[in-house]
Amino acid sequence: MKILAITSCPNGIAHTYMAQEKLEQAAQEMGVNIKVETQGGVGAENVLTSKEIKEADGIIIAADRQVDLSRFDGKLIINESVREGIHKPKELIQRIIDKDGHIHHDRNGDTNQKDDDQEQKSGMQMVYQHLMNGVSFMVPFIVVGGLLMAIALTLGGEASSKGLVIPDDSFWKSIENIGSLAFSFMVPILAGYIAVSIADKPGLVPGMIGGAIAADGSFYGSDAGAGFLGGIVAGFIAGYIAKWIKNIKVPKAMAPIMPIIIIPIISSLIVGLIFIFLIGAPIASIFEGLTTWLKSMQGTNIIILALIVGAMIAFDMGGPVNKVAFLFGSALIAEGNYAVMGMVAVAVCTPPIGLGLATFINKRKFNKGEIEMGKASFTMGLFGITEGAIPFAAQDPFRIIPSNMIGAMVAAVIAAIGGVGDRVAHGGPIVAVLGGIDQILCFFIAVIIGSIVTMSVVLILRRQTPSLAVDTNNIEMGMDQSENEIETEKNSVSTMDNQALEEQSVFSEQVIHISKQTLSRDEAIDQLIENLNEQGYITDQSQLKSDVLKREMESTTAIGMNVAIPHAKSDAVKAPIVAVMNNKHGVKWESLDGTLPQLIFLITVPSDSSDTHLKLLQRLSRTLMDDETRQNLINATNSKQIYNILKDI
């Protein structure tokens, strides 16, 4: 089975490559050959060849930007968002294996075929994709323009009653003018590439013309213009008008000139006239009111705005909610309002920096994989990449996401009060180093305090060390072990006498029971040990309980997903055995994700039993990662049902 994939996100910085990694990891686990082309901020990498496309069994598109599908004529395709590639890579691969997609037929840009390709996404997903396609092309113009203007003001500005001003005869005035020119492209580019996402290349001209009209209020009697709001409206109108014209059946003789003459001219006229005579002035009034309101915000109002912006940025870390706040802040830069982007600039970097600091300050609360992720997260935070926090949030969302939001909200409020402004459509300390930040001292104070708040909340919520960190192979890794010890244990597990373990049953129906009582952790452990004693598997209840609780004191063994796996080696155990409890209410037991354990597996092995417990943990972990199996165990009504599921492990 050979599968090809393309990943792409609006900014082309993090999600694109995270989806690539997840798809490649999932393919390796499933024994599938995959090649992933990334269409990131630096362009296409690992590009698919014609030979590879010809030999492929199917194509996965995981993208929030428009992807050219013309080269996949006749191939099986599934088209989903980039987040599906990150969170559900195995499901996407399985859909190709199951032929759960559609055959793409390229008909020289036929719109009906494009509709078929996109019908797998909901209406809101497509609106978001079109909008983000425009944003992804717009952002570089804001970044270049903002940096050039910031550098020019920093190096060539002279103090005056109006602040820093660059003399007209200065060399730096030319640099500032180039930056201003880059800014002037912002709205036309936004509108043009929204239209391209909807109608392909025929949408570019009407989209950019509509965007230019939206930005120039002189067309409809406005001093300010309709700004980015008008650009968004113009892009969607132009795109759908061009798409509608494309659907009109024309004689074959006219077909070649449709995309280069007929469609651009007609759609440009329609969009321009609609904007000039109907909607330009109303949208300009709305945008002008919004801008005036933002500039007048002081005291409580600006704090409320900062709280909202900070929460949105940190909530989904590069997802749709984050992108809305980012678009709002970056689009206002062209209107001379740098305050909102200042809030964004501090909020985007506090989650990854804060999580990185948490792993540095208290390593005992994190497994080795998370400690390594912390280093990468901290580095990404310095460069304003919020997505560095995603791996932590994916593993422990109920603790990490609130921690991120609280830290980002605090940072945004401090930035708002301190008058922090960001002239560049990006955030993080890197922008401050390059001179794109106003009130740089307050900026760093906001970032430092916000990051410390994120770190502190994470460490408070994660009061105990995670006992199990299941890697890509679902093998348990101890938190306090050195890398050499981990490797030794892995090798020991892999070279164990598997046959001997299989011949020795570790599950018995007699020590599996269902409880409807409300129990604490210690009460549940007592019942499990009592069952083992009654069935003659142990010699000393007190000794075994002491050994189990000694392990539990190091860190919780409630790994989340309503599962706990307490375990111990003990002289009181005669032979390896796993006692099982299904508690319908959930045991009061602190877990990594806050869920109450309903499935408790007490793994007990003799002290001289080598690494048998590791093998059992590996098998249990692999089994319990399957949602259906886990749910079947939770829903079981008698011990025999549970035993029949577990006996095959």
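**Notebook: cysteines, a histidine and some helices**

I looked up Cys-349 and found it buried, with a relative accessible area of 0%. Buried means under 20% relative accessible area, exposed over 50%, and partly exposed in between (1.4 Å probe, protein chains only). Cys-442 is partly exposed, at 24%. I then looked for disulfides (pairs of cysteine sulfur atoms within 2.5 Å), and the structure holds 0.

A note to myself: this is a predicted model, where local features need pLDDT of at least 70, side-chain atom pairs count only at pLDDT 80 or more, and totals for chains, interfaces and linings use all residues. Residues are numbered from 1 along each chain as its sequence is written, and side-chain values use heavy atoms, with hydrogens and water left out.

Next came His-104, which sits in the loop between β6 (102-103) and α5 (111-118). Helices (H or I, at least four residues) and strands (E, at least two) are DSSP runs, numbered from the N terminus. His-104 is buried, with a relative accessible area of 3%. A polar atom of its side chain lies 3.1 Å from the backbone oxygen of Leu-69.

I also checked two spans. Residues 131-157 are 96% helix and 0% strand, with end C-alpha atoms 36 Å apart. Residues 440-461 are 100% helix and 0% strand, and there the end C-alpha atoms lie 32 Å apart.

Last, how do α15 (residues 350-361) and α18 (residues 397-417) cross? Their axes, lines fitted to C-alpha atoms over the stretch in contact, with angles running from 0 to 180 degrees between N-to-C directions, come within 9 Å and cross at roughly 120°. α15 and α18 are therefore oblique to each other; angles under 35 degrees count as roughly parallel, over 145 as roughly antiparallel, 65 to 115 as roughly perpendicular and the rest as oblique.

Definitions and conventions:
Polar contact = N/O pair within 3.5 Å; in protein donor to acceptor, adjacent residues only side chain to side chain.
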